[in-house]
Amino acid sequence: MSATVSTAMLLLVPVFPLLLIGALTVTRVRHMALAMCPLAPLPGLVLALFPAANVSVAMPWLLVGSHWGMDHTGQIFLLLTALLWLAAGIYARSYTRNSPQRLRFWIFFLLCMSGNLGLTLALDMISFYLFFTLMSFAAYGLIIHDNTPFALRAGRIYLWLVILGEVLLFAALLPAARAADSLLLRDVAATLANAEGMNLILALLLVALGIKMGAVPLHFWLPLAHPAAPIPASAVLSGAMIKAGLLGLLRLFPLGFATLPGWSATLLSLGLLMAFFGVLMGLLQKQPKTLLAYSSISQIGFPLMAIGLGLAAPQQWPLLAPVVGFYALHHGLAKGALFLGVGMTGHLNSPGLMRHVTLAGLMLPALALAGAPFTSGALAKAGLKPFLMLSPLLDESLLTLLLGGAAVGTTLLMGRLLLILWSPARAAVKAATSGMWGGWSLLLLAVVLVSSYPGVLTSSAAGADLKWIDALWPVAGGAIITLLGWYSTRKRGAHLGAKDLDVLLDALLRRLANLAAALKLPPPPRLPRGARWQNLPLLLLLQDSEQQLRQLSVAGVMFILLLLALLLL
Amino acid sequence: MSDLILPAILLSSLLPGLIIFTLPEQQVTLRTALNLAGALFKLMLVALLFVRVAERQYAELRLPLLPDIELVLRADALSLLFLTLSALLWLLTTIYAIGYLEGSPNRSRFFGFFSLCVSATTGIALSGDLVTFVIFYEMLTISTYPLVVHRGTPKALAAGRIYLAYTICGGLVLFFATVWLRSIAGPLDFSPGGVVADLDPALYGSLAIIFALLMLSLGVKAALVPLHIWLPSAMVAPAPVSALLHAVAVVKAGAFGIIRVVHDIYGLDFSAAQNLLFPLALLAAFTIIYGSIRALSQNDLKRRLAFSTVSQVSYILLGVAMATPLGTIGGLVHLVHQGLMKITLFFCAGNLAETLGIHKVDEMDGVGRRMPWTMAAFTVGALGMIGLPPLAGFISKWYLGLGSLAAGQPWIILVLIASTLLNAAYFLPVVHRIWFIEPRQDWPSSSLRGGRETTWALLAPPLMTALLVILLGILAGSVGSALYWVELIAAREYGL
Amino acid sequence: MTELFLHQQWLIWLTLLPLGAAVAAFLAPQQARWIGLATALLLPVCALAGILSVTLTHADPITAGGWPTPLGIELRRDGLALVMLAVTALVGFIISCYALGYFPVHDRHYDKVRYFWPLWLFLWGSCNALFVSGDLFNLYVTLELVTLSSVALIALEGGKQALAAALRYLFIGLLGSLSYLLGVGLLYGSYATVDIALLGEMISATRLNHAAMALMVAGLVLKSALFPLHFWLPQAHTMAPAPVSAALSALVVKAAYVILLRLWFEVFPALDTFAVGHLLGLLGSIAIVWGSLMALRQERLKLLIAYSTVAQIGYLYLVFPLAQPETMAAAWTGGVLLMMTHACGKSAMFMVAGTIHHTAGSDRLSRLAGAGGPVGVLAVVFTLAATTIIGLPPSGGFFAKWIFINAALVTGQWWYLPIILSGTLLAAAYIARVLGWAFLDVKRSSYPVIPWVMKWPPLVLSVIALLFGLIAYEPIQIALIGAPVHGSIMVEMTP
Amino acid sequence: MTTPLLYAGGGILLFSIGLHALLIRRHLLRKILAINIMGSGVFMVFIAIGARGTDAVGDPVTQVMVLTGIVVSLCFTAVAIALTIRMHNLTNCTTFATDEESSLD
């Protein structure tokens, strides 16, 4: 594409959804606009698939000076985001066909989309912050779309964490900008390492972005929000928006600029923790979407570990970065596909071809996540392996083992998911419509394509030939355990389910609410009214003496006194 | 004699006001025409002046009052900032008020004092020395009282009494401090470096006292805690009045005065050297937090907004008190941004009250369905108050944050964060009610043509201000934005 | 032509015209209104012409009757006289217009109408005469004329209380003027002249002169109703018809004060007046607080206004202690400024009170309720006029207080600061009471019709009172012509 | 003890007596008389001053003044008496009603 066209395309990526919103508000063109909504991410997709040589545009007049553009990281994330939103859009079009709140849903959907797409293109922190905010707040509208008490509670908790993240990010960006004396994310990342209060800034960033990524222990909004949202919304939430935090880390952390062993260890351990925590919590869930949400938590742990490794060895980062990107891409697509798949399970109990197709469609992304051979998951894991020796924390073999364990866990999780979906209890789910099929199949196709596209890794894996066998054993193990578990518990249905930290938060919020209520201060002091003034005892006294003064004799005495005083003075 | 433009701007609202007083109640058309003509004419003149000042030709006019006292009108960048804001918002508020008070009694009196109020504000913006400032400042006090008590109910009168009590006392202290300062320092022209810098150090003690007195007296109108009591109770006034009060006229007059005193009377260097500013910063910070906390527990919408004003106006003072270029930019730009956001919110509150009779927050469930446009404007204003990008509020907050770091006072960032959280805590629930909760009762559906939610006169002003809030945020970096203008001012202040 | 114009003896006309008109009005009661109106229209012109003729051509003092001083009567043409004439002309004109509406042709008690105009014109003329007369004895005579006409005007209402008030005022007036006259006599005894200028040159500090001063000051204090000798004022001002009350508060009280001002700055400086000045200042301070508190207590609008006059007179007396050598000019100017602005504001307020009384039948504060309605102009007039009483800018009262505070600061008499400030607060308080009633919204069945002459003239006056601070430059410049004081108004403190 | 001084002293005395009566006596006519007595006291002082000169004819100016003063006091007396009569006709009393102060408001 020519530079101008690609620049226009670049601007169009976040703006096009907003234009559509504008169109939605006009009654006359509303219908047409509704039809076009699913196609809103197209500019992004085009831009991501046919990238022009580092297209970028500086807009000093926008905000306090904005800079948008697309680099390699941005490209991968843009590809992922655009694909997911496209699929979700197509899916949602038929999913929300006869919902009363359809207009509201689409407005928030488009807002959120614009934010999410723009985020991948923002090269300066203000735009980044802007799109981050736009995305986060718009997502609230999607989460509570159903207006069920569960959704409202999820939304409330989500909103609180979003605001917390906002202010923390704000507090982190200010000193970063001051240190870098520039708003460009590149400069910030470059100078952050030797900024004053660097650790504080990094900590703030990690928390602020970690909330989005569902980093333990700030993850608990995620298993509430993702299930609460309508299926297409939770697909993008879990597939794309979760990656916004990851993107923030990639953009802002001094990756490839500084060696920070401490932070490397922190991120590594955090990643490991999330990987296992997600699996464990997920295994305890009954709701498919909740389970998937926990799986997201566990999956996001792996790129986090990769970033940790990157912090240990800056010179290796250029090789490591694509792996992270690929991981994000792989997980986003697979997870999106699974979420959309949850809505298709009506066919699992209907006999015939449909049933097998649906099953296959569910199996594929599940296997990919589990990292079965010949899937994108396997590629991603293999891409990560050669860098494990960089770890400052544990030695390579142990880490490999742990990763394997995590893979087993993921497999178990996926197995449990399939079992739940298959259970006759879900026969109630109504059959999917064509649009839903369209969106889903689009994602499945993407998953397949990604897995057969190792190109990203050849550069990074440094000629590490992929040993599929490595990828095989965890999956096989996991599968076997699943079957055993299913066989043993199929008589009496497994009664599972778990609470999470959100209970604590609820308690906290209740306390806060009580506090605010307790803060009803006494009413402001009223000034005495004029009517009351005139009855002050002093005034009455004066009034009496005034009466006395009116006596001519008294007055005369006064006069004489004054005269004498004047004479004597 | 092109400097006659200054009195012309004053008269453009003063004369209509005086004429309107004499109009009989029934002459609606003539009165409306006068109002709008005055407002438009003023806006035009201000635009002319704006261009001139942008080319750094400062207009000045001196009129001797007493043998040694002059009335000084001067237009510099700072006054233009305030002047433009007031002129623009006056036009919008007039339109709004015409729609709002349709068919209510005593409109001649109302619009007469309304115009006087605006002329006083204009005078404050244009005053070139402290004496002139005091004159117009007090004129504002007296001309606002009839607006506050306009409804004539005992409640309104009580509020008016409180208002008078506070503002008169404040004005008295201001008056006394000014006389004192005048008797020490001679003429008190506003000049960038300040006028007290080269005084005998023996006087520094009394200078500090005078500074405290000035801050206190101006703090009454700027609603610094604990001098803010009058503001929440003054919200019994009709919506246009509250809008004007909170956005430009009274509250801003106080803030503007503090800016003038700190920048152009004492001078930043002097006040920083005598560290007069740190207490101000502390007080402002406290006010920010306190106002927001009080706002949390208000169920009456306008009361909640009033407390939010208490908190938000102190952003300006905080920025001034930092005495760094970035901080000043943040404070001054908030003068404009807060005005626009708050006036939007009050317009919307007024629409709710006027159209649907809604006054309490918990009556607002699902009102977004009935009045989508008004509520959209409200949402913009509320989110702007929280300081979310790309709205205007964020720009102010960002520069305040940078300024606090530059000033080496990072604690201010904590204040900003806390204020943001609190703002979110008392605005987001309202927004949630508006859009996401099912309406409890069904309101009378619009009787207007095309089912418009309310009359244009009530609808257009909030939409325009909301649009401005968005544009001032998105286009902050472009020429002609408030931020751009404020950066010019700051450059002048600090000789950058 | 201009020469001819300028050399007319306008100041004499200012005295002769109203006196003649008074006689005419008395003789032809049917035409009284029109005679009065014509005079009221002519006098401002004469005053303006007089001012021009003095400011443009610095001619010698005119001596009426051609006798040279000390025998002849010298007309003072200094600034003080001119501004007082001007203010009298302005206020008098407005009062006359107002009176046209206040005393309608077909009034129940016809004699009210019949006698008002002659007496009022007489009062006006004698005030003018007082302001231009330059020797102590003429001052005495004119002062008596003023008192006489005021007494009759107060008695105009004819009620028992009115008569009592009038008599009381008469006795007080006589007492005061006699003691003043005694003082004059003593001075004449020593120096064989009563011409102020000559006395000022000759006089020296002797016991006898001091006694003379004491007698004169006491008399004038009594006549200008300074605390504690203010007892007659509230009754007199309340019992009189509104136009009369306006005239009394605006002009008559000032007449005695003007004499005192002249004496203090032109005759007494040679004497040791330090303690006396401070005594007067003390009484003035008490008057400020006392009068304001009393005003706060009143239920009737006219009484409230009258007591606020008592307080304002207190401010006028602060001039004397504040007139220390370095602040001489400041204090004098402040006093003159306050006199002028108070005259405008206070008369406007009395007219409002009169209108309320006229339309509502009583001037109780509660009758103000709903004045915001079609009669809202009353509220407006009162508010605007009140600004100068409270001392809010840009009224003249504001700058007068400014000058006083500045003088107090410079001369280190800080104890006057709390007095002035609290006086302002109290004034705001009692004004706020009135406004509170005025803005209270009550639905009336029928609103009274107010003749326009009772609406707009007071509005003009109140607007002038409000904006006086902005237009005070020229009046002050005129007042300073041939003023006994020199120096800067805004004295600056020296560390 | 020269004659003028005697006159002057007498004048002062008269003045004081009149003042005393004016304040103490309640009957209005008495008050009016008292005022007149005070007046005559003042005039006596003037005459004494006028006679201060050695020559037989006194100072004409003082006499002019006294004459004027007498005229003035005459007018006042007339007015005062008129008012008193009016008051007597209205209320059959010839003193200031005592309750009238309180009945002001």
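**Helix packing, domains and a chain interface**

In chain A, 81% of the contacts with a separation of 6 or more are between residues 24 or more positions apart; a contact here is a pair of residues whose C-beta atoms, placed from the backbone, lie within 7 Å. The model is predicted, so to speak plainly about cut-offs, local features need pLDDT of at least 70 and side-chain atom pairs count only at pLDDT 80 or more, while totals for chains, interfaces and linings use all residues. Residues are numbered from 1 along each chain as its sequence is written, and chains are lettered from A and ligands numbered from 1 in the order in which they are written.

Chain A has 24 helices and two strands, taken as DSSP runs numbered from the N terminus (H or I, at least four residues, for helices; E, at least two, for strands). Of its 569 residues, 53% are buried, meaning that 20 or more other C-beta atoms lie within 10 Å of the residue's own.

Over in chain C, α12 (residues 274–297) and α13 (residues 301–317) have axes that come within 7 Å and cross at roughly 160°, with axes fitted to C-alpha atoms over the stretch in contact and angles running from 0 to 180 degrees between N-to-C directions. That angle makes α12(C) roughly antiparallel to α13(C), the label for anything over 145 degrees. Residues making this contact include C:L280, C:G284 and C:I288 of α12(C), and C:L304, C:Y307 and C:A311 of α13(C). By class, the contact has 13 nonpolar, seven polar and no charged residues; Ala, Val, Leu, Ile, Met, Phe, Trp, Tyr, Cys and Pro count as nonpolar, Asp, Glu, Lys and Arg as charged, and the others, Gly among them, as polar.

Chain C splits into domain 1 (1–166 + 233–263) and domain 2 (280–495), with bounds from an automatic or database domain assignment. Where the two touch, domain 1 puts in 31 residues and domain 2 puts in 36. On the domain 1 side, two or more residues come from each of α3 (32–56), α4 (79–102), α10 (232–239) and α11 (242–267) of chain C, and α4(C) has the largest share, 13 residues. That side comprises 22 nonpolar, seven polar and two charged residues.

Chain C also meets chain B, through 36 residues of chain C and 37 residues of chain B. Helices supplying at least two residues each on the chain C side include α16 (376–390), α17 (396–410) and α18 (416–439). Of these, α18(C) gives the most, with seven residues. The chain C side has 24 nonpolar, ten polar and two charged residues.

Note on methods
Buried ≥ 20, exposed ≤ 12 C-beta atoms within 10 Å, placed from the backbone. Parallel < 35°, antiparallel > 145°, perpendicular 65-115°, else oblique.
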